[in-house]
Each structure stands twice: as structure tokens, then as C-alpha cells.
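Subject: Structure handover

Hello,

Here is the structure I promised to pass on. Please open it next to this email and follow along.

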Amino acid sequence: MNIPSGSVTFLFTDIEGSTSLAQEFPDSLPSALEKHHAILTETIESNNGFVFEIVGDAFCCAFEKAEDAVKAAVDAQLNLANEKWDNAVIRIRIGIHSGDAEWNGKKYRGYITLARTARVMSAAYGEQIIISNDAYISAKEKIPDKISFRDLGERRLKDLKHPLRLYQIISKGLVSDFPPLKTLEARPNNLPIQLTSFIGREDEMKQVKDLLKQTHLLTLTGSGGVGKTRLAMQIAADVIDDFDHGVWIAELSPVFEPEILPNVIMKVLGLMEEPNRNTGDTLCDYLKDKKLLIILDNCEQLVDHCAALAEKLLRNSPGLKIIATSREALRCAGEQTHNVLSLNVPVPGVENSIEKLAQFEAVRLFIETAMAVDSEFRINKNNAPAIAAICYQLDGIPLAIELAAARIKILSAEKIHERLGDRFNLLTGGKRTALPRQKTLKALVDWSYDLLTEEEKILWRRLSVFSGGWTMEAAEEVCSDQNFKKEGMLELLNQLTSKSIIIYERENERYRILETLKQYGKDKLKEAKETEEILSKHLNYFMGLAEAAEQKLYGKDAQVWIEKLESDHVNLQSGIDWSLSGGDREKGIRLAESLWYFWDIRGHYSIGIILMQKFLDNAQDMSKSSLRKLLSRTGALTSNRGEFVNAVNFLEAGLKSSREINDKHNISFTLSRLGMTEQSRGNFEKAQKYHEESLALSRDSGKISESGDTLSQMGRLAYDRGNYDEAHKFYTKSLDLLRETGDKSRIAFSLNGLGIVAFKRGYYEQAEKFFNESLDLRREVGDIKGIAGSLGNLGNLTSDLGNYEQSQKYQEEALLLYRKIGDKRGTSNSLYNFGNLLNYLGNYEQAQSYFEESLILYREMGDKYSIAYSLYGLALLLLDRGDIEKARKLNEESLLLQLEIGDKSLIYHIIIEFACIFNLINLLPISVKLLGAVELNLKSNSVVLESKEQTRQEHIIKSLREKLSDEEFLKYFEEGKKLTIEEAAQLAVNNARRET
């Protein structure tokens with residue numbers, strides 16, 4: 001037969017669970033394998049296929065036509081399924097892919113195509129056939145009608161390159177339903193897409209994976225550019241199926257503060273900070289029951305801190321494994337190390353055929369990189385010696401080879417080799433063997449730098465001030481000057497991208513640079529004596545960005561600006577860091593002050609507080625203007641983190657400083673934040689005084705928007721105290737003022753407040769109208785936190801109206817949004833609301849989990865008002881599940897908190913629950929009196945119980961009437977109606993400790 005060559009369709013097979021079969025059926029497996037081999041050989045050859053290699057039990061086959069491969073795959077699966085097996089039943093997975101490959105008489109050349117076929121096959125399950133889009137396009141029009149294709153969408157195979165569209169082959173007699181494909185999407189991860197395939201290191205990969213099986217901490221060491229990060233990511237991709245909770249990479253090279261190391265990992269995992277808790281402890285608690293792999297990438301600049309954190313996490317998390325990459329070992333308990341060596345290279349002086357050269361890892365990497373910049377590039381007998389020499393001279397260092405190969409578009413391989421030779425001879429006096437690996441890389445980077453135009457050199461070194469990437473606009477502002485015009489920046493960026501100096505990420509329109517090349521650029525910037533100038537421009541640019549964003553975070557483009565700040569968060573932090581270490585401190589302070597609201601809504605509390613505190617630690621030279629704002633904004637962040645005592649200290653200091661220079665604007669801001677903080681602590685009288693003074697100041701200064709905002713906070717306070725008529729008045733006044741300003745975010749807040757009050761008073765249509773109008777405005781301005789709040793309220797409303805399916809959708813979306821932005825208070829509220837719904841629907845376990853998580857968060861924040869609500873919700877659930885004693889204790893704690901803080905909003909509900917408990921334990925007179933007190937006080941305060949609560953109250957009354965005579969019931973009921981709600985609460989507390 002003609003052996004396919006050129007454009008080839010490959011079919012690879014593998015037996016599922018072969019190791020388990022060998023252990024379980026050692027006697028019968030050999031005969032089963034003989035049947036398997038015979039069936040596959042006959043099937044492949046009868047469909048014009050060529051079996052070119054059998055590796056163990058895996059078949060590697062080639063076809064000239066893709067449709068023949070498809071028919072062979074279907075026939076093979078059918079024949080194996082119809083075979084009569086003794087004990088060892090063999091099931092195979094099949095992958096089909098088309099691409100370029102050349103047959104050299106002994107084996108195929110075409111590493112990328114062959115590797116991709118293996119990846120397609122490895123994504124499948126036993127009895128499943130997966131085909132790539134390349135093969136599908138060739139085969140789809142030429143196969144019988146009995147065979148069809150199920151589009152599985154674009155999937156990321158485990159080579160980390162760009163996604164590939166995959167299809168499942170369907171035919172009568174084949175199994176059609178399988179679990180999700182074994183691609184990267186099957187497990188949560190944040191492994192980035194790579195520009196090139198992973199080349200070589202097959203033996204090393206096996207060795208490293210074996211090491212990882214034996215340890216929980218594996219450190220990959222080696223010099224810069226040797227490929228530690230790429231190897232770590234490829235290992236993670238290969239073993240992802242072993243980790244139920246996924247694999248995650250945390251990039252540590254941009255981290256400036258050791259204290260925020262846990263925050264970096266938490267952000268990668270999508271975790272929120274928890275109030276009043278060390279972030280390391282929060283991280284440990286999350287990881288303690290997770291089966292998860294974390295890559296700590298580039299640990300060398302914080303090696304001691306990384307070691308301490310790794311030890312702490314691993315001590316508390318038996319299912320956790322860590323791969324660290326570093327130029328040196330972490331040197332902590334239980335660590336295994338592996339020194340990553342360069343790719344293998346041809347030996348000089350030995351003649352190799354093109355086929356043999358292409359088997360060297362370094363040569364394969366050169367070829368693929370060269371083809372990425374010039375699709376017509378091919379290795380041939382003319383350029384092969386030069387390519388071999390280049391790879392040898394570069395010691396097989398992947399970064400060095402990629403840099404050299406990227407020049408293939410403007411220089412031939414022979415010219416690249418010639419210029420490299422000159423460089424190395426100059427550095428080493430002609431003694432090639434004396435060249436250390438790290439010196440090789442520097443020499444290569446020097447060579448790449450020298451080949452650039454003067455403008456390209458200037459841009460490279462100036463770009464080194466960026467951390468975490470940059471936009472074109474940022475490069476234009478930071479890197480330009482009078483002699484280096486911004487108009488040519490785009491073209492220069494494109495030139496550096498084409499030469500592999502920087503990387504352009506099309507999906508988010510940002511540029512980035514590898515750490516090794518960034519460090520080289522920083523050295524060149526220092527040599528040019530430009531460091532101070534460019535860092536100053538970097539600080540100016542990001543200070544301007546933050547100040548512009550601060551004004552936009554309340555408007556219709558809020559979400560756009562939030563994402564801008566998030567994308568450049570590392571740059572913003574590095575700007576502050578430079579201002580602290582010798583730059584312009586006042587500008588750094590302005591930058592930090594402008595970021596406080598971004599840090600607040602995104603939950604970056606620790607980062608904000610740490611950086612602001614560093615300025616405050618050396619405040620002796622700080623201007624009074626900067627000091628007062630910094631204190632107040634640090635207090636605002638600390639309050640929202642739930643550390644109320646510290647928050648009050650910061651806010652009171654900020655208030656005092658502001659009063660000294662009569663800064664009315666900051667006085668008003670600080671008073672408002674003090675009011676919100678004291679309200680959260682349950683100190684309603686203090687909160688009222690702060691809000692009233694803040695309102696007076698904003699009115700005097702004519703700040704209508706701030707007056708409206710404070711009136712809204714006063715409405716919320718009145719609501720929390722059970723004064724619904726007063727709350728309605730405050731919210732209405734607020735809305736009238738804010739509509740004049742057009743401030744949509746604050747208008748939405750007032751509408752939401754009016755909706756809550758209307759809901760509480762039983763005006764459901766009005767409540768729905770307010771909630772929907774608020775939601776529409778919040779969606780318009782991109783206020784995620786506000787959107788979540790409106791959705792949660794609509795969820796409560798629709799639940800009360802009996803539309804539980806819609807309610808669940810609202811609550812799910814609300815909780816997802818709160819978790820996304822890291823809003824702890826919002827998350828806690830959402831958990832409570834969702835728990836209520838799930839409890840009513842009978843999903844008790846999930847409801848209890850939500851109530852308990854909510855309660856933990858509220859306790860850590862010290863939010864007495866909300867603690868009472870969570871206690872009540874959990875008590876209600878436990879009572880429904882028959883645990884009267886626990887329910888009584890929680891209900892009592894909730895009621896005592898309500899009495900302590902003077903909040904009436906929940907007292908009615910708690911008293912009804914006590915009436916239910918007292919009925920169950922036969923304290924019947926007390927139960928009836930409590931119900932009488934509730935009825936009178938509800939009417940006098942214009943409060944309407946939600947429908948579920950009304951139904952609950954009716955059931956209790958019915959039960960009591962069955963146990964008592966009409967005369968007895970009416971007597972106790974009338975006695976209860978004479979009690980104030982506070983007296984009724986005290987009656988409940990006094991009788992709560994009776995034996996249940």
C-alpha cells in the first residue's frame with residue numbers, strides 16, 4: 001500500500017484502564033489483548049489504514065483519507081463491543097486528527113500533528129470516538145448517512161495551546177452518552193493559553209509527575225529562561241484529572257508586599273477576604289478539605305515568605321499539592337526538588353539527517369517558533385546545520401531559542417548562526433565550553449537587544465516599569481517624551497511583538513513581557529539613567545487613571561472603569577510602592593485615596609489597608625489635607641471589612657483632622673461613614689447623630705447629591721429600627737433630591753429602600769415597581785453590587801408571592817454576583833435570603849449550610865443587627881426539623897440582640913416563633929399572649945407579615961384553639977394585646993429557659 005505522507009489523517013487508540021485490567025485479570029488479559037490486536041489490525045487495514053507503530057497496547061495509525069479513518073474507528077468500536085470477552089473486557093478510546101506529517105521510511109516527522117492527535121485521543125473515554133475539526137472538515141461530506149457528528153464545541157486540550165473544536169462520532173450500535181471530555185474545562189483552572197505547543201521533555205515529564213505523586217511540595221529549580229514555568233503548567237494540565245477542585249497558577253513576580261501573598265492566591269481561587277481574620281487562616285480553611293494543585297510561580301524574590309506560606313497551607317490541607325518554581329529551593333519541610341535542565345541538543349561534529357535533527361527537543365522548538373513567525377519556513381538540508389549549531393550554542397535554553405527563532409522572518413538561519421557565533425566568541429575568547437548557561441542567555445538577550453533599532457531599544461527598557469502588563473495608551477503616555485513621540489508607539493509595539501520581545505494578548509488588548517526580559521530592560525533603563533524619570537511618569541499616569549476612575553465609579557460606565565482598574569491593579573500597586581520607597585509620596589497618597597472605593601467594591605480590603613497604613617506609619621511629613629482623607633478612607637475600608645473598632649479609631653482621627661482645617665466635605669463623608677459603622681454595630685442612637693450632622697453639613701454646602709445620599713442612609717436606619725413610616729419619608733425625600741441631580745446609582749439606592757419599606761408594609765405591587773426600577777438603573781450604570789441587592793429583594797418578593805422558581809433564579813444570580821465582587825456583607829445577606837427560600841422548599845441541608853455560613857460572616861464582622869437575622873433564620877429551620885431546644889437557644893440569642901440594639905424590624909417574627917415553641921412545650925397561656933401582642937403592635941405600626949409568616953401564625957392559632965377553650969384563648973389573647981412589643985419580648989425571654 002501507499003504510505004500516507006504530506007497531509008495525513010491519524011487515528012490513535014488506547015485501552016481504558018489497562019493498568020487496572022492487568023492487576024484484576026493477570027491470567028486472562030494476555031488472550032484478551034491478542035483479540036484486541038487482531039481486531040484492530042484487521043479493521044484498520046480493511047479501511048485503507050496503515051498501522052505504523054504499536055506502543056504497548058496503543059495503536060498509531062495513518063490514513064490518506066479522513067473518511068477512511070472515521071469508518072475504521074466506527075468499525076473498530078463495533079467489533080470490540082460485539083466480541084465475547086472472558087473476564088477482561090477491553091474498551092478503547094479513539095482520537096482522529098489531520099495535519100502535516102512526512103514519512104521518512106521509518107517513522108513520521110510532524111511532531112505537532114502527532115502530539116495533537118494524542119491529545120484528542122486522551123480527551124475521550126472508553127468506547128468513545130473524538131475527531132478534531134481539521135479531520136471533520138475533510139470527512140463530513142464523504143461518509144455514510146448512518147454516521148453523524150455531535151459538535152462538542154471548542155475545547156482546550158492539555159497542551160495549553162489555543163482551543164480546538166471537537167466532535168463525537170455517532171453511529172448505530174455505539175455508546176453515545178459520556179461524561180464531560182477530559183479537557184481542561186473538565187476541572188476548574190486558570191491555566192493560560194500558550195502561543196506554542198509544549199515541546200519535548202517526555203522523560204522529564206514522567207520523572208516530575210512521579211515525584212509529584214510522592215510529595216505535596218515540589219519545587220522546580222533552574223536558571224532564568226530554562227522553562228520552569230512552562231514545565232509546571234504542562235505538568236498541571238496533564239494531572240488535572242487527579243484534582244477534583246482543579247489546578248491554579250499564582251504569578252508571584254509582580255508581588256511587592258510579602259503580607260499580600262495569601263491575597264494573591266485567594267484572588268486566583270476567587271475567594272473573599274473575611275472580616276477580622278488573617279487572610280492566611282481564611283485560605284487554610286478554604287483549602288482544608290479540597291483536592292487541589294497550586295503553582296506558586298517565580299518565588300525567588302520572596303522565597304522565605306513563600307516557604308512559610310507553603311508550610312502553613314500544606315500542614316492544614318491534606319488534599320493540597322504545590323508546585324513552586326524558583327531559582328532556588330524553598331528549603332522547607334517535606335519539599336522535593338527537581339532541577340530543570342535545558343532541552344536536548346545535537347552534538348557538534350556529528351552528522352545527523354534532517355529526520356534525526358527534528359527529534360532533538362531544542363530543534364523542534366526552533367522549528368515551531370520559526371513557523372509561527374513565517375508559516376513557509378521549513379528545515380532543509382541547507383539550513384539544518386545552522387539550526388543545529390544555534391540550538392547547541394544556546395545550550396538548549398527555551399527562551400533563548402525562541403528569541404533566536406523569532407528572527408527567522410528577517411534573517412536566515414545561517415545569518416542567525418553567524419551573528420550568534422560572533423557574539424559568543426567575543427564574550428568567551430573563542431572557548432565555547434567555558435560559557436555558563438546564564439551567561440548564554442544574557443548574551444542572547446544582548447544580541448537581540450543590539451539587533452533592534454534605537455527606538456525599539458528605548459521602548460523595551462521603558463516598558464520594563466510596567467507590572468502585570470499594559471495597554472497601548474499607557475505605553476504612549478509613560479514611554480514617550482519630546483524626542484520619542486507617542487505617534488509611532490503602535491508600530492514599535494508591533495515590531496517588538498513580532499520579535500518576541502513582548503507578547504500581545506488579543507482577547508483583552510494588553511501587552512506583557514516575560515520576567516527575564518523585563519529584568520533585562522530594567523537594567524538597561526538604569527544604565528540609561530532614566531529610571532527615576534520613567535517611574536515618575538508611570539506614577540503620574542496611574543494616579544491620573546485612578547482619579548478619573550474615582551469619579552466614574554458612580555456613573556453609567558462604572559463597570560468599564562472597574563475592569564480598567566482591575567486589569568492594571570498590579571501597576572497601581574507598584575506606583576504606590578515606588579512612591580513609598582523614594583518617589584513622590586503625595587502623589588502616591590493621592591493614588592491610594594482615589595482607589596479606596598475600587599478596593600471596597602472589589603473586596604481588596606487587605607491590599608488597600610496595608611498600603612494606606614504604610615503611608616500613615618510615616619505621616620510626619622504628610623500634608624494635613626492628605627492625612628485627613630487617608631485616615632477617613634482607611635476607616636471606610638476597615639469598616640467594610642467588618643473591623644468596626646479599628647474603623648471608628650481611623651474615622652474619628654480623620655474627623656478630628658478634618659475639623660481642624662474645617663474641611664466640610666471630608667467631615668460630611670467621615671460622619672456618614674461613622675454613622676454606617678455605628679449602625680452596623682447596633683449603636684443606633686450614635687448612628688442617628690452622625691447622620692444628622694452629616695446631613696446638616698451637606699445641606700449648608702449645597703451638596704444635593706450628598707444630602708440625598710445621607711437621607712437614604714437615615715431611611716435605612718429608620719427601617720432597621722422598625723420605624724417604617726419614618727423610613728418611607730426619608731427615602732422619599734432622598735429620591736426627590738437625587739432625581740434633580742441625575743445620579744443614577746444613588747437614585748437606585750433610594751428606590752430600593754422604598755421597595756423594601758413597601759414590601760414590609762404589604763404593598764407588593766408598589767414594592768415590585770420600586771425594585772424593578774432600581775434594578776434597571778443599576779444595570780444601566782453597571783453597578784454589580786446594586787444589581788445583586790435588587791435581585792435579592794425581588795427574590796424575597798417573588799417567594800412571598802408563591803413564584804418559587806423565579807425566586808430561586810433571582811437569589812442564585814444575586815449570590816453569584818456578590819461572590820464575584822467579593823462583597824462580604826452582600827454575600828452574607830444573600831446567603832440568609834437564599835437559606836430562607838431553601839428552607840421553605842424543604843431543602844434543609846443546603847438551607848442550614850447557607851444560614852451557618854451567613855452567621856459566621858456576620859459574627860466576624862460584629863454586625864449585631866444581621867447576626868440576629870441569621871440566628872432567627874437558623875432557629876426557624878431547626879424548629880421545622882424538630883430540634884426545639886437548639887431552636888429555642890438561637891431564638892433567645894436573636895431576641896436579646898434585638899432588645900440590646902433597639903431594633904424592632906425582626907422582633908415580631910421572633911415572638912411568633914417563641915409562640916410556636918411555647919405551644920409545642922405546652923406553655924399555652926404565654927403562647928397566646930405573645931400572639932395577641934404581635935397582632936396589636938403590627939396594626940399600630942402598619943406592618944404586614946409576609947404570607948409565609950401569616951400562614952405560620954394561623955397554624956399556631958388553630959393549634960392553640962384546639963387545646964384551649966374559646967374563653968381561655970380570648971382571655972389570654974386580650975391580655976397580650978395590652979402589652980407593648982418590648983414587654984412581649986421580655987415575657988418571651990423570661991419564659992424561654994423553661995425546660996423543653
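Start with one cysteine. Cys284 is buried, because its relative accessibility is 5%, and the cut-off for buried is under 20%. Cys916 is buried too, at 13% relative accessibility. Which cysteine sulfur is nearest to that of Cys284? The structure holds 0 disulfides. Cys284 is in none, and the nearest cysteine sulfur, that of Cys332, is 14 Å away.

Please keep in mind that this is a predicted model.

**The whole chain**

The chain has 996 residues, and 58% of them are buried. It contains 44 helices and 15 strands. The C-alpha trace spans about 110 × 80 × 55 Å along its principal axes. The accessible surface is about 41,700 Å². Carbon and sulfur atoms account for 48% of that surface.

Now look at the contacts. Take those between residues at least 6 apart in sequence. Of these, 70% join residues at least 24 apart.

The charges come next. There are 127 positive and 146 negative ones. How far apart are their mean positions? The answer is 2 Å.

**Two cores**

The largest nonpolar core has 130 residues. Phe366, Trp460, Leu463, Trp470 and Trp599 touch the most other members.

Zoom in on Trp470. Leaving aside residues up to four places away in sequence, Trp470 touches Leu463, Ala475, Leu493, Ile502, Arg510, Tyr511, Arg512 and Ile513.

**An enclosed helix**

Find helix H7, residues 228–238. Why is H7 largely enclosed by the rest of the structure? Because 9 of its 11 residues are buried. These are Lys228, Arg230, Leu231, Ala232, Met233, Gln234, Ile235, Ala236 and Ala237.

What do the buried residues of H7 pack against? Their partners include two helices, H4 (111–122) and H6 (202–214). They also pack against strands E9 (217–221), E10 (247–251), E11 (292–297) and E12 (320–326).

**Val247, in strand E10**

Stay with E10, where Val247 sits. Is Val247 buried or exposed? Val247 is buried, at 1% relative accessibility. Not counting residues up to four places away in sequence, Val247 touches Pro188, Asn189, Asn190, Leu191, Ala236, Ile240 and Leu293. Ala236 is one of the buried residues of H7.

Val247 and Ile295 are 48 residues apart along the chain. Their C-alpha atoms are separated by 7.7 Å.

Leu545 is in helix H21, residues 531–552. Leu545 is buried, with a relative accessible area of 12%. Beyond residues up to four places away in sequence, Leu545 touches Trp561, Leu565 and Asp568. Leu545 and Leu595 are 50 residues apart in sequence. Their C-alpha atoms are 9.9 Å apart in space.

Glu678 is in helix H28, residues 664–680. What is its relative accessibility? The value for Glu678 is 0%, so this residue counts as buried. Glu678 touches Val648, Asn683, Lys686, Ala687 and Tyr690, again not counting residues up to four places away in sequence.

Asn298 and Glu509 are worth a look together. Phi of Asn298 is near 65°, a positive value in a residue other than glycine. Phi of Glu509 is near 55°, also positive in a residue other than glycine.

Where are they? Asn298 is in the loop between E11 and helix H10 (303–316). Glu509 lies in the loop between strand E14 (503–505) and strand E15 (510–512).

Is each one buried or exposed? Asn298 counts as buried, at 14% relative accessibility. Glu509 counts as exposed, at 55%, because exposed means over 50%.

**Where to begin**

- Show H7 and color its buried residues, including Leu231 and Met233.
- Move to Val247 in E10.
- Then find Trp470 and its contacts, among them Leu463 and Tyr511.
- Finish at Glu509, in the loop between E14 and E15.

Best wishes

Methods: Residues numbered from 1 in each chain as written. Predicted model: local features only at pLDDT ≥ 70, side-chain atom pairs only at ≥ 80, totals over all residues. Heavy atoms only, no water. Helix = DSSP H or I, 4+ residues; strand = E, 2+ residues; numbered from the N terminus. Buried < 20%, exposed > 50% of the residue type's maximum accessible area, 1.4 Å probe, protein only. Contact = heavy atoms within 4.5 Å. Areas by Shrake-Rupley, 256 points an atom, 1.4 Å probe, with all protein chains shown as cover. Lys, Arg positive; Asp, Glu negative; His and termini not counted. Charge placed at Lys NZ, Arg CZ, Asp CG, Glu CD. Disulfide = S-S within 2.5 Å. Core = buried A, V, L, I, M, F, W, Y, C linked by side-chain atoms within 4.5 Å.
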